[in-house]
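The sequence and structure come first.

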Amino acid sequence: MLELTPDRRLTGGLRLLAHKSESTTEPILRGLVPPELILPLHQHGGNPAVPIVDVGREVAKGETVAAAGDMPSAAVHASSSGRVRAIEERLVPTGSRLRRSLCIVIETDGEDRRAAPSEPLGWPESATARIERIAEGGLAGLGGAVFPTAAKLAAVAGRCKALIVNGAECEPYISCDDMLMREAPEEIVAGALLMCDLVGAPVCILVIERDKPRAIEAIGAAARAAGDPRLRLAEVPTIYPAGGERQLVELLTAEEVPSGEFPSAIGYVCQNVGTAFALHRLATRGEPLTSRIVTITGQGVARPRNVEAPIGAPIGWLIEQCGGYRPDVARLIHGGSMMGYALPSDDLPITKATSCIVAAGPGEVRQSFEEWACIRCGDCASACPARLQPQELLVAAGAGDFARLEALGLDDCIECGCCDVVCPSHIVLTERFRAAKRAHAAHVRRLELSAESEERYRRRERRIEDAESRARAAQEALKAKLRADEAARREAIEAAVERARRRKSRNV
């Protein structure tokens, strides 16, 4: 195993005060079975899953309750045994916002009965069968983007220059990857090698930030024990947002991911360490993705720690397992303090996108949302890891100038929140950019619908013209036929007259 020390620096970014020690004093809490599971069918990127169970159906842990929809998609499985109580639309947290999604609600029976492993057991030989197994297992990227893993790996299979396994957990409060690397390093390394085989990557880079010495030690020992020459261990600086996949690719390879593209466009693929762990479980035990490690932290929770949370577990119930709320809890945040967002209540479920829940105390949240005018100091541009001009984006977003937003590279904004932190005018830039992205997506959709409507109108006009043309042709053909018939009739009459005339002349 070769240990790498990148000498390049991350563009922009911030050195932030970490709050990871609070949640890493105890081992991961496992074996949790909530009284209710709320399983959204659209908790990953791409298209929603399709329910295949009815209300009243008894299900076992790991049983597929919703099959993958049109690709890219991922299946959804019961996280514990019980009975399907409802299939209804609910508000659920996703990677970057709340959204409404159809959910399968399961009342658990406390037995946590596991379904029989899918047949045949073991890891398939062919790459196609492995990709299908991953899609059926419901795997999605657990780093936050939750793009279906099968589609992400298939996109770069056969042309991958390097697989990057991301343990660079740069959000100040999130420690779920750190704890997983400490407690399950062998499974993570084995899962990474399975991914390597699948995409044909000649190199697998295990990336960890330097503020995680125990994780570095554990992963390093597991990689050395594996003895695979493809493995590399890279320690990267603790600068937020070094864990972003575009930033990691540039930091490790000096290659820049083109605007509007993914790393696969230049032959790289990034997968979270949690995804590698989940893939190993699927390949060796036949277990689909029914749980993930979640950091429950903040001054507003009694015992901050990491838990192995069943997908669909209510957030409030998980906080009870961590000692409950402290009296001065001020806000509940889904995700980290930088890229997360406030939740309206704690009866929302954990999804595949949930890496952290921050029950923030008064000293951890912004008390005032008063903003001043932009003074064009340029601090936001200096901190932006995507080399954008946030102050220009702010003006274009305010004007609803979508063409300008597109030209300025709005889609390249990774919503890291660095510009918010450094803005002396306290302007909530990231939320404006999220809203602008949604508005831009709606604008693009309206243009698409307009184009589709125009095309339908043109097809209708062409159909009418074709029908009129065919009618005119039929009329002309009928007239020609009538003219021909009339000529034939006249010829017949003239012939009869001529015959009569000849008979008369002979009789005379």
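An open sheet is built from three strands in the order β3-β5-β6, with antiparallel pairing. Helices and strands are DSSP runs numbered from the N terminus, helices being H or I of at least four residues and strands E of at least two. This is a predicted model: local features need pLDDT of at least 70, side-chain atom pairs count only at pLDDT 80 or more, and totals for chains, interfaces and linings use all residues. Residues are numbered from 1 along each chain as its sequence is written, and side-chain values use heavy atoms, with hydrogens and water left out.

- The edge strands are β3 (50–51) and β6 (76–77), each of which pairs on one side only.
- Strand β5 (residues 64–67) pairs with β6 in the antiparallel sense over two bridges; two strands count as paired if DSSP finds at least two bridges between them.
- A66 has V76 of β6 as its bridge partner.

- Strand β13 (residues 291–297) is largely enclosed by the rest of the structure, because seven of its seven residues are buried (under 20% relative accessible area, with a 1.4 Å probe and protein chains only).
- Both faces of β13 are covered: S291, I293, T295 and T297 are buried on one side, and R292, V294 and I296 on the other.
- Strand β14 (residues 305–310) pairs with β13 in the antiparallel sense over six bridges, and I293 stands opposite E308 of β14.
- Strand β17 (residues 356–360) pairs with β13 in the parallel sense over three bridges, where T295 has C356 as its bridge partner.

**Helix α3**

- Helix α3 (residues 176–183) has six of its eight residues buried, so the rest of the structure largely encloses it.
- The buried residues in α3 are C176, D177, D178, M179, L180 and M181.

**Packing of α4 against α7**

- The axes of helix α4 (residues 185–199) and helix α7 (residues 273–285) come within 7 Å and cross at roughly 80°.
- Axes are lines fitted to C-alpha atoms, for helices over the stretch in contact, and angles run from 0 to 180 degrees between N-to-C directions.
- The two helices α4 and α7 are therefore roughly perpendicular (65 to 115 degrees).
- On α4 the contact (heavy atoms within 4.5 Å) uses E187, I188, A190, G191, A192, L194 and M195.
- On α7 the contact uses V273, T275, A276, F277, L279, H280 and A283.
- By class, the contact of α4 with α7 has ten nonpolar, three polar and one charged residues; Ala, Val, Leu, Ile, Met, Phe, Trp, Tyr, Cys and Pro count as nonpolar, Asp, Glu, Lys and Arg as charged, and the others, Gly among them, as polar.

Conventions:
Parallel < 35°, antiparallel > 145°, perpendicular 65-115°, else oblique. Buried < 20%, exposed > 50% of the residue type's maximum accessible area, 1.4 Å probe, protein only.
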